[in-house]
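The entries follow in the order in which I looked them up.

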Amino acid sequence: MVQTVKNKSKYKIFFRRVSTTNQDLAMQESADSMYRKNYIPNEILILNEDGVSANKLDIEKRPQMKKLIQMIINNQVEIVYAFDRSRLFRDFYESNYFVSLCKKHNVKIFFTSAGNGHQQATDSTLLEGVMNIVSDVEGKNIARRTEDARKRYPPRKLGYIKQKDPKQYIKDPSKKDAILLFFTAMKKVTTHKDLEETLKEYKKILKTTSNQLIKIAKDPFYAGYDLTTGKNKLLHVEPYLSYEGFEELQTHNTVLLTYQEIEQSLRNQDIYNVSCGICRKPMKFHMNIPAEKAWYTCSGKHSKTLLGTEDLFLIINKSLEKIIEHLNTEMLLKDSRHFFQLIRKNVEAELKSLEVKKHNLMEKIIFDTDDFTNWKETPHYVEITKLENIQKDRLNLIEEKEDLLFENESLVKLAKDYLHKCRQTNPFFLTSLLIRTLYVYPNEVNIEVSKFDYLQDFRSQYIFKGDDLL
């Protein structure tokens, strides 16, 4: 079911990021809490990037930042709150791009840590450029040194006890046997289903996550080596397996790579804000990697609501198709012609007024001048010349607008063709532009469409069934 609603007001975005899963967002949440209190909940949109390094990943690989930029381009953002510059970017060029984009779309940037050693956002392009350079260089240096040190001397490592004096990593007796069995089991994995079952078994035994177990299987630290810059043996680490055993595990388990690729592909499907139609709360995203399936569910004190992402994409795509079909391009062209006629009417009235002024000035020259040998040097003639230049400008304006009118007819067709193409290649962009909310019920999906002038004869309800979506 599709409904039409009015365009919503711009959002106040609270953007937070931590580089690793070992960190948390509590400090950033605390810093922006006093600003969140100034707005009603519907005005606020919180974007959290958990375990995302701004130094390692560009915009295209940061879904939340990509979403924020698209919303800014769509004029859906009024202000962006972030803890400091490093939470948004640490790449100089991407920082400049983001700041210039915010300027272009009148989006303010506010740093919630300002006053604690951080410079608040300014309107100075030069100053912001300098701050971005400083943040870029400092961030990359810190990240490089920190990463190198962490690989050799991590603050903690599952299956190890860290001794301070001398600094040694010895096997944790409480987890030693389970980790040894985990490595043995990983060598026997040949399918995604085998891997899923192994991860499911050992994440319970070791009380950790599937992602953490995959990292362990790929981490040379457990063989007592750092392979960042060559083959460096870590003498302070008690290994769980030999270097040869580690290499064998990496060669054997190509299934790990495809597993992670499928996982990332499924996670990328979680790009829409989907809410339960019954309780109006955000639905939870789930995925089954071996089956390569993802879905949304809600079970909050009501009958279970479930929708697969494939079905959701089909429904959204069909809704976008209907919206594009009902764009009244004739009305758009009619308005273009109407505005052109208004411009022409106003310009022609101004031309007539200029002609009258020129005539009056010419009469003054004739009646007030005794010597006509230098009549072109009189102030009246100089004024006539200025009026003639204004007339030329106004005539050029009409010609220019008429050319644009003819171009509009071609552009309207191109725009509609582009929207159809974009529906297939970048549905998220069109969804953020044309669709306000997605509500899922046990047997239907309710889509609220942003209403605008050129959306004509669009019914309040459309029902898509079965083959209609294909």
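I located I366 in helix 12 (residues 329–368); helices are DSSP runs of H or I with at least four residues, strands are runs of E with at least two, and both are numbered from the N terminus. I noted that I366 counts as partly exposed because its relative accessibility is 47%; buried means under 20% relative accessible area, exposed over 50%, and partly exposed in between (1.4 Å probe, protein chains only).

For the record, this is a predicted model, in which local features need pLDDT of at least 70 and side-chain atom pairs count only at pLDDT 80 or more, while totals for chains, interfaces and linings use all residues. Residues are numbered from 1 along each chain as its sequence is written, and side-chain values use heavy atoms, with hydrogens and water left out.

I next examined strand 2 (residues 11–18) and found eight of its eight residues buried. One side carries Y11, I13, F15 and R17, and the other carries K12, F14, R16 and V18.

I then checked its partners, where pairing requires at least two DSSP bridges between two strands. Strand 2 runs parallel to strand 3 (residues 44–50), with seven bridges, and I13 lies opposite L45 there. Five bridges pair strand 2 with strand 4 (residues 77–82), also in the parallel sense; F15 has A82 as its bridge partner in strand 4.

Last, I turned to helix 8 (residues 210–217), where S210, L213, I214, I216 and A217 are buried. These residues lie on the same side of helix 8, because they cover an arc of only 155 degrees around the axis (taken from the directions from the helix axis to the C-beta atoms).
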